[in-house]
Amino acid sequence: MSTPPVHLSTWPTPLDPAPRLAVALGLEPGDLWVRRDDLTSFAGGNKVRKLEHLVGEAAAAGATVLVTTGGVQSNHARMTAAAAAVRGLSSVLVLTGAADPARPGNLALEELFGARVVLVLPGEDAQARISAVTAELRDAGEVPAVLPLGGSTPTGACGYLACAGELAEQAPDLDTVVVAVGSGGTMAGLVAGLGAERVLGVDTGAVPDPAERVTELATALGATVGGLRLRRDQVGEGYGALTEAGATAMRTAARTEGLVLEPVYTGKAMAGLTAAVADGSVRPGRRTVFLHSGGLPGLIGHPYATELAARALDGA
Ligand SMILES: *Cc1c(COP(=O)(O)O)cnc(C)c1O
């Protein structure tokens, strides 16, 4: 945490008004704003903000290779590969799941960024593979730095503490910022910077204990955490699985503001905001910010994209 971050993207990203989406959700036109962290380097997303700090730490330790892990469509893995490339490092991505070249998404970009991809079958021990990979790299004279799933360490979460400071300047009257929760570092940084009462997290089912993760990380950043606002009603059948509410939220955001969300994170986060307006926990007449955390390549790697394309061609 004490090592300085490296520069990987330009901050702050824009805060755009979303009046048509606001009205569609039942808010006043001036109530809803979108923080565009989908408009960052490396094809967009929140992980680059954590990587500025994580790569700073790895560089200080003399790392020559970044090693990380995630699912086959991990946005964090894609951005780690890109961060390694621009820092003159190499990268190894240990990815779990059934990969399919017909669902390119992040995998295609990882090839472009020059990463080495190591596939681990579901049920196989990813941690053991990471240990084997790092041992092999050390034998070859490399200095590997292992970055955790989603980049969610206190160091990574510092990126979103910095974002919280920017949001407080962009929107001093901010009542609630809504954010998808995966490994928890993004919400934790925002909670540490803005206070738990101003952050609404929407769980995506990536980890079994999101509240504990967020609390631990925010505490490590020096915050006293009480009363986390965390919705767990949008997970559906589990991490990565499309939900009806998520699909509706994706369509609504696209058809009102031209805003592209995806099924795994931001679609569920927008569905969570929709539910929060419906049950009164987010109210009209106050400033709500939706933090768009990126993930467009993940959409192109998701089976739902194939379904959408088929629907577009239906009757063509
Ligand atoms: C990883 C990710 C998130 C969740 O961020 P965490 O810090 O892991 O909770 C949200 N949106 C997108 C697009 C992501 O890739």
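The points below take up the basis of the model, its salt bridges, a helix, a glycine, a pocket and a surface patch.

1. This is a predicted model, in which local features need pLDDT of at least 70 and side-chain atom pairs count only at pLDDT 80 or more, while totals for chains, interfaces and linings use all residues. Residues are numbered from 1 along each chain as its sequence is written, and side-chain values use heavy atoms, with hydrogens and water left out.

2. A search of the whole structure finds 14 salt bridges, a salt bridge being a side-chain nitrogen of Lys or Arg within 4 Å of a carboxyl oxygen of Asp or Glu. One of them joins the side chains of aspartate 16 and arginine 36 at 3.1 Å, N to O. This pair links distant parts of the chain, 20 residues apart, with aspartate 16 in strand S1 (residues 15–17) and arginine 36 in strand S2 (residues 32–36); helices (H or I, at least four residues) and strands (E, at least two) are DSSP runs, numbered from the N terminus. Arginine 36 is buried, with a relative accessible area of 15%, whereas aspartate 16 is partly exposed at 26%; here buried means under 20% relative accessible area, exposed over 50% and partly exposed in between, with a 1.4 Å probe and protein chains only.

3. A salt bridge with an N to O distance of 2.8 Å joins the side chains of arginine 231 and aspartate 233. Arginine 231 counts as buried at 13% relative accessibility, and aspartate 233 as partly exposed at 44%. Elsewhere, Arg35, Asp37, Arg49 and Glu166 are linked in a network of salt bridges.

4. In helix H12, arginine 311 and glutamate 307 lie four residues apart, about one turn of the helix, and their side chains meet in a salt bridge of 3.1 Å, N to O. An α-helix has 3.6 residues a turn, so residues three or four places apart point the same way. Both partners count as partly exposed, arginine 311 at 43% relative accessibility and glutamate 307 at 41%.

5. Why is helix H7 (residues 185–194) described as largely enclosed by the rest of the structure? The description applies because eight of its ten residues are buried, among them Met187, Leu190, Val191 and Leu194. H7 is followed by glycine 195, whose phi is positive, near 95°.

6. Glycine 236 lies in the loop between strand S9 (229–231) and helix H9, and it is exposed, with a relative accessible area of 56%. Glycine 236 and glycine 205 are 31 residues apart in sequence and 8.4 Å apart in space, C-alpha to C-alpha.

7. The second largest pocket has a volume of about 220 Å³, and the elements that give two or more residues to its lining are helix H9 (244–257) and helix H12 (303–313). The largest share, five residues, comes from H9. Of the 13 lining residues, Met250, Arg251, Ala254, Arg255 and Leu308 lie nearest the centre of the pocket. On a 1 Å grid over the protein atoms alone, a pocket is an open set of points where a 1.4 Å probe fits, with protein on both sides within 12 Å along at least five of seven lines, and lining residues have an atom within 4 Å of a point.

8. Val260, Leu296 and Ile300 form a nonpolar surface patch with about 260 Å² of accessible area together; such patches are made of residues with over 30% relative accessible area and no salt bridge, with nonpolar side chains (Val, Leu, Ile, Met, Phe, Trp, Tyr) joined within 5 Å. Leucine 296 has its place in helix H11 (residues 296–300) and is partly exposed, with a relative accessible area of 46%.

Terms used: Grid points are joined across faces, edges and corners, and a volume is the space filled by probe spheres set on the points. Patches are made of residues with over 30% relative accessible area and no salt bridge: like charges are joined within 9 Å, nonpolar side chains (Val, Leu, Ile, Met, Phe, Trp, Tyr) within 5 Å. Accessible areas come from the Shrake-Rupley method with a 1.4 Å probe; for residues, only the protein chains shown count as cover.
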